[in-house]
Structure formats: C-alpha cells, structure tokens
Amino acid sequence: MNEFNFGSGPIQASVEEIVLAAQCGKPVSGLTHGFYRYPARFSPVFVRAAIEAFSKRGDWVVDPFAGGGTTLVEALASGRNALGIDISSLAAFICEAKTLVLSDRDIGAFQRWMVLLPSTVNMRAPTFRFESYAKAGYYRNLEGYAFWRFRKAIEQCMASVQRLRCKGAQTLARCVVLRTAQWALDARKVRPSIPRFRMELRWLAESMLEAALVLRGQIEGSRNIPQPKVAFLNRDTAEAETEDLVREVCPPKLIITSPPYPGIHVLYHRWQVDGRREAPAPFWITGKLDGAGSSYYTMGDRHYPKLRTYFESLKASFQSIARMAGPETTIVQMIAFSEVEWQLPQYLEVMESCGLREELPWNINTGDGRLWRDVPNRKWHAQQKSRSPGAKEVVLVHRIK
C-alpha cells in the first residue's frame with residue numbers, strides 16, 4: 001500500500017484510502033449531517049479520511065470556511081478539537097446546532113416539547129408574528145396567500161421554541177423547525193399540505209434527537225483523552241489570525257476547508273420559493289440577521305471581469321490562513337471551478353503568493369496528478385450542464401514554504 005509523509009512530521013496516510021474517500025458519491029448522511037441541507041456540502045467521508053490521515057486524537061482541526069459544519073462534526077466524532085470560522089450568521093447557527101452535546105436536562109426539555117408538536121401547528125389557533133423581522137423584510141416572498149399557512153405554522157412552532165428554558169433544547173428545537181421549513185419551501189415545485197408538514201416536523205424532531213445522542217455517545221466514548229472542544233468565530237476569515245481564540249489553538253495539525261467556488265452561483269443564505277424568488281426566512285427562524293447579498297458570502301461578484309474581487313478576497317483570506325499554519329500543518333481544500341482552464345492556474349497563483357507550496361502525493365493518472373471527484377447532485381449544480389468543468393471538484397493539498 002502506498003504511503004506518503006508530509007514534511008518531517010510523524011503523520012502518514014494511505015493514498016488509496018484518501019482517494020477512495022474523495023471519490024465516494026454517497027449522499028451526505030450520518031451523525032448530525034442531516035440537520036440542514038447546506039449548499040455545496042463537504043463530503044463527510046472525505047473529511048473523516050483527511051482528519052484521520054493528518055491529525056491525531058487531541059489535535060486541533062480548523063475549518064476557515066466552516067459553512068454547514070461538516071468538518072466540526074467529523075473532528076469531534078474523531079476525538080479532535082475543532083475551530084470553525086465563517087462570515088455567515090446562518091452558518092454559525094447550523095454549526096452550533098450540529099455540534100451540540102446535549103445535557104440530560106436538555107434531552108428532557110426537548111422530549112416534552114416534541115410530545116406537544118401535534119397540537120402546536122393548528123390553523124384555527126392564534127399565532128405570534130415576529131414583527132421586528134417582518135418589518136426588516138425577513139418575511140419577504142412568504143407574505144402572499146400561497147404561503148400564509150406555512151408562515152403561520154412556522155410562527156406557531158417558533159413561539160413554542162421560545163418557551164423552552166434549556167439553551168441546548170431550544171437550539172435543537174429551532175433547528176428542527178428550520179429543517180422542516182426548508183423541506184417544505186426551498187426549491188419545491190409542489191408544496192406539501194399542512195398535515196404532511198406536521199408529520200415531517202415530528203419525524204424530524206425524533207430523528208434529529210437520535211442523531212444528536214449518537215454524536216454525544218461518540219464524543220463521550222473517548223475515555224482515554226479529554227472530551228474534545230469546539231469553538232466558532234462568526235467573522236470574515238481575512239485577519240482572523242489576530243483573534244485571541246485563533247492564537248490559542250494555532251498552529252493546528254490540519255486546516256481543511258471548502259472555500260466558495262469561483263464563478264459558481266450558490267445561495268448560501270436564502271431559500272428559493274416559487275421559482276427564483278429568494279426568501280430570507282432562515283434568518284428569522286434561527287434568530288439571526290443577514291449580512292448582505294450573495295457576493296457577501298461568495299467572496300465577490302461572479303459577474304466581475306476575471307473574478308477580480310473574488311481572487312482579491314481569496315488572497316486576503318489565505319494570507320491569514322497561511323499565518324495560522326505552522327511547519328507541521330497540512331492544508332487540504334476541496335474546490336470546483338466554473339471555468340477550470342484559467343481559474344485553477346490563477347487559484348494556484350494566489351496560493352503561491354500567500355507562501356503555500358502545493359503537494360501532489362496521489363500517484364494517480366489524471367493528467368495533472370491531482371485528485372478530482374465527480375460532484376454529486378446538488379441544488380447549485382442542478383442548473384449546470386453535467387459535463388461542464390463545474391461538475392468536478394479537485395482536492396488541493398498545501399503546506400507553508
């Protein structure tokens with residue numbers, strides 16, 4: 001079996017295992033990964049393989065574009081400490097919910113809330129309007145006649161969530177409502193009935209509690225090492241190395257991430273209802289505030305000539321990532337391109353300018369020696385041609401020079 005070793009560090013990994021994990025096309029599942037369908041989700045199979053290859057139990061793993069929290073969940077389940085950074089407040093909530101370690105008190109409170117769910121959604125009962133969010137525009141595209149029942153159902157659920165006094169139980173319950181509303185509204189051609197919504201709500205509450213308990217069991221099952229820690233910074237990655245928290249945990253053994261893809265439009269922060277109409281409802285459901293338009297989350301306007309703003313933002317972010325790294329840090333990325341012929345070389349130029357050296361350890365016949373994978377079906381990818389360059393992701397491995 002081929003093995004490779006980066007630098008002088010003791011960590012070795014099987015090339016075959018990482019290649020197989022990268023090329024795995026199974027749907028995202030397991031642990032708490034199903035809590036929310038975040039766009040362009042990281043493959044947990046690949047993330048777990050990379051974590052086990054390039055770090056040991058008790059090490060720190062950092063994801064500077066944490067998104068849906070896949071890295072954080074897999075790191076905790078593997079006995080590693082995890083730090084996530086993301087500019088999106090929605091991502092911050094999702095990462096918090098997916099890495100919850102529920103107390104017995106949380107579990108009891110959540111179960112009592114769950115028992116009352118069948119009677120919570122009632123179209124004949126009064127509702128509570130979240131007026132501050134409505135006035136700020138967060139009800140947009142859900143105010144019409146076609147959506148009033150779903151809006152009322154969500155409001156009734158959120159009113160019941162706010163009555164919970166245990167923080168962990170409230171976070172999990174809020175995530176259940178978020179996931180159910182996403183299932184009912186986001187990118188749907190035919191909306192479900194309210195009775196079906198109610199059934200899905202209860203089913204998701206049960207399955208998400210079970211998943212959270214499985215994660216807790218894995219985290220608490222490592223008896224020979226302290227329980228792993230998780231931390232999150234809701235901010236831009238650029239200059240994040242100046243934060244006290246980052247200074248405490250860096251340099252980590254592994255930085256693993258999937259940055260925004262250049263030139264590919266992804267709705268990270270809103271749902272699509274009635275075709276292409278955008279609804280910012282996830283923010284009022286999670287109790288967060290939106291930052292700005294899509295370019296705020298994708299490091300630049302995809303229509304800007306030669307994606308100049310994207311590559312400028314990318315350079316600022318990876319200059320900071322390079323400062324977080326040390327001689328024993330491996331930096332692993334999974335990225336796709338809308339026009340790979342010119343974007344990949346420019347992307348690699350940015351890495352070089354940030355003081356990062358690319359490694360090509362795979363020993364596979366792909367033409368350029370890099371590890372490529374077919375992208376599983378995703379909402380952002382559905383409108384792309386299946387044979388376009390954006391239909392493939394590449395794994396990039398770097399170390400500081």
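This is a predicted model: local features need pLDDT of at least 70, side-chain atom pairs count only at pLDDT 80 or more; totals for chains, interfaces and linings use all residues.

Trainee: How do you know that the span of helix α15 agrees with its number of residues?

Mentor: Helix α15 covers residues 340-353, which is 14 residues. At 1.5 Å a residue these should span 20 Å, and the end C-alpha atoms are 19 Å apart, so the two agree.

Trainee: Which residues of α15 are called buried, and what does the word require?

Mentor: Buried means under 20% relative accessible area. In α15 that label goes to Val-340, Gln-343, Leu-344, Tyr-347, Leu-348, Val-350 and Met-351.

Trainee: What makes these buried residues one face of the helix?

Mentor: Seen down the axis of α15, they fall within an arc of 150°, so they line one face. On the other side, Glu-341 and Glu-349 are exposed, a label that needs over 50%.

Trainee: What covers the buried residues of α15?

Mentor: The cover includes helix α14 and the strands β9, β10, β11 and β12.

Trainee: Why is β12 called largely enclosed?

Mentor: Seven of its nine residues are buried, so the rest of the structure largely encloses β12.

Trainee: How do you know that β9, β10 and β11 pair with β12?

Mentor: Pairing takes at least two bridges. β9 has six to β12, β10 has four, and β11 also has four, so each meets the cut-off of at least two. β9 and β12 run antiparallel; one of the bridges in β12 joins Val-394 to Ile-335.

Key: Residues are numbered from 1 along each chain as its sequence is written. Side-chain values use heavy atoms; hydrogens and water are left out. Helices (H or I, at least four residues) and strands (E, at least two) are DSSP runs, numbered from the N terminus. The expected span of a helix is 1.5 Å times one less than its number of residues. Buried means under 20% relative accessible area, exposed over 50%, partly exposed in between (1.4 Å probe, protein chains only). The arc is that of the directions from the helix axis to the C-beta atoms. Contact means heavy atoms within 4.5 Å.
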